[in-house]
Amino acid sequence: MALSKSLSLIFLQLLCVLCVLNLSNGKGLDVNFYEKTCPFLEFIVKDVTAKFISRTPSLAPPLLRMHFHDCFVRGCDGSVLLNSTSKNQAEKAAIPNQFLIGYQVIDAVKSAVEKICPGVVSCADIVALVARDAITLIKGPSWQVELGRRDGTVSIASEALNKLPSPFMNITQLKASFQSVGLSVKDLAVLSGGHTIGISHCIGVNPRLFNFTGKGDTDPSLDPKYLAKLRRQCKPGDVTTILPMDSSPKKFDIDYYTTVSNRRGLFQSDAALLDDTETKTYIQQHLSHAGSMRFFDDFGVSMVNMGRIGVLTGKNGEIRKQCAFVN
């Protein structure tokens, strides 16, 4: 009898340890989180997102970027969606977020979800689902989105400025930035591949063209012909001219890695991937179409990893009624 009780106690202790490990690894998220409380959630999100993407496919890149910018500041808690108030400048006001667009998609999805499942689904989860669906709808990769995030109530512009990876970072800074939120060097190489779609502006590249080290010089890592082309397109102080991220900015493919390997990465942070053995090797493995499917698979895995950053679950945070305002 004593032995039986001891074994039962050991089993219960082991079970508790496994439960704790499961929560710490998955942070309480589950792809079936809303299975009972909002069973048609993913259908609703995809339906509304598809209506926007079918009319304006160019919304897909910024919606992906929105998820990225949300997760790197205070974790994936929807803080990037909050409006500034008279007493606080929110993340939206930070320079890295001033070019973010697509908030109307999130609001439309939230409104549709609230009609069916009021007070159940967080804005943070909607951002994660919309990012996935937007990319899938332009024939990019797909992945299972873990759910169960709750919304944060704090959003501070200075935190976004300090914590978001900058286009001016070198490889050491990039690796430190990703490591600070629990992402690996491989995640850095993979998620940088998201630059295969979309556009940027001259403001993100001008220092490389006109004043790289503060002496009126140019970035020697840039391909000379590409450098000359960029200098024709961008003028000092230009903040509005649009530039493609790679040679096929409307198509989610592996051309980004070819672009970077040819020393034509638009940002300093793109070029920096050639300065590390692991990231450079990843790029070289994706210079042919044979690496395309592997990249799609890797991208899904890294997006799931990113979606776990600093999430609020359980009784932490709240479920916002409107994504731009705390309750």
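User: What domains does the domain assignment of the chain give?

Analyst: This is a predicted model, and its domain assignment gives two stretches: domain 1 (40–162) and domain 2 (165–287). Their C-alpha centres lie 24 Å apart. Where they meet, domain 1 puts in nine residues and domain 2 puts in twelve residues.

User: What makes the largest nonpolar core lie between domain 1 and domain 2?

Analyst: Start with its make-up. The largest nonpolar core has 74 residues, and L41, L63, L81, I106, V113, F295 and F299 have the most contacts inside it. Helix α5 (residues 123–137) supplies the largest share, eight residues. Both domain 1 (40–162) and domain 2 (165–287) give residues to this core, so it lies between them.

User: Which residues is L41 in contact with, leaving aside neighbours within four places in sequence?

Analyst: L41 meets Y34, V113, V121, L129 and L147. Contact here takes heavy atoms within 4.5 Å. Apart from this core lies another core, of 13 residues, with C202, F210, Y226 and L266 among them.

User: Why does A128 count as buried?

Analyst: Buried means under 20% relative accessible area. A128 has 1%, so it counts as buried. You'll find A128 in helix α5.

User: How do you describe the way α4 and α5 pack?

Analyst: In general, two packed helices are described by the angle between their axes and the distance between the axes. For helix α4 (residues 103–116) and α5, the angle is about 115° and the axes are 10 Å apart. The crossing of α4 past α5 is right-handed.

User: Which residues in α4 and α5 meet?

Analyst: On the α4 side they are V105, I106, V109, K110 and V113, and on the α5 side they are C123, I126, V127 and V130.

User: S122 lies in the loop between α4 and α5. Why does S122 count as buried?

Analyst: Just check the number against the cut-off. Buried means under 20%, and S122 has 0% relative accessibility, so S122 counts as buried. Leaving out residues up to four places away in sequence, S122 touches Y34, R149, R150, D151 and I319.

User: What does the UniProt annotation "active site" cover?

Analyst: According to UniProt, in an unreviewed entry, the "active site" annotation covers H69. In the model, H69 sits in helix α3 (residues 60–71).

User: And why is H69 called buried?

Analyst: Its relative accessible area is 7%, and buried means under 20%, so H69 is buried. If you skip residues up to four places away in sequence, H69 touches V80, E91, P96, N97, L100 and L164.

User: What does the other UniProt annotation, "domain: Plant heme peroxidase family profile", cover?

Analyst: That annotation, also from an unreviewed entry, covers residues 28–327. The end C-alpha atoms of residues 28–327 lie 23 Å apart, and the span is 43% helix and 2% strand.

User: Why is R74 called partly exposed?

Analyst: Partly exposed is what falls between the buried limit of 20% and the exposed limit of 50%. R74 has a relative accessible area of 36%, so R74 is partly exposed. R74 is in the loop between α3 and α4, and has a positive phi of about 65° although it is not a glycine.

User: What about R263: why does it count as partly exposed?

Analyst: R263 is at 38% relative accessibility, and that lies between 20% and 50%, so R263 counts as partly exposed. R263 lies in the loop between α11 and α12 (268–271). Its phi is near 60°, a positive value in a residue other than glycine.

Key
Residues numbered from 1 in each chain as written. Predicted model: local features only at pLDDT ≥ 70, side-chain atom pairs only at ≥ 80, totals over all residues. Heavy atoms only, no water. UniProt positions renumbered as here; feature names shortened; annotations may be inferred. Helix = DSSP H or I, 4+ residues; strand = E, 2+ residues; numbered from the N terminus. Core = buried A, V, L, I, M, F, W, Y, C linked by side-chain atoms within 4.5 Å. Buried < 20%, exposed > 50% of the residue type's maximum accessible area, 1.4 Å probe, protein only. Domains from an automatic or database assignment. Axes fitted to C-alpha atoms, helices over the stretch in contact; angles between N-to-C directions. Left-handed = near helix turned anticlockwise from the far one by under 90°.
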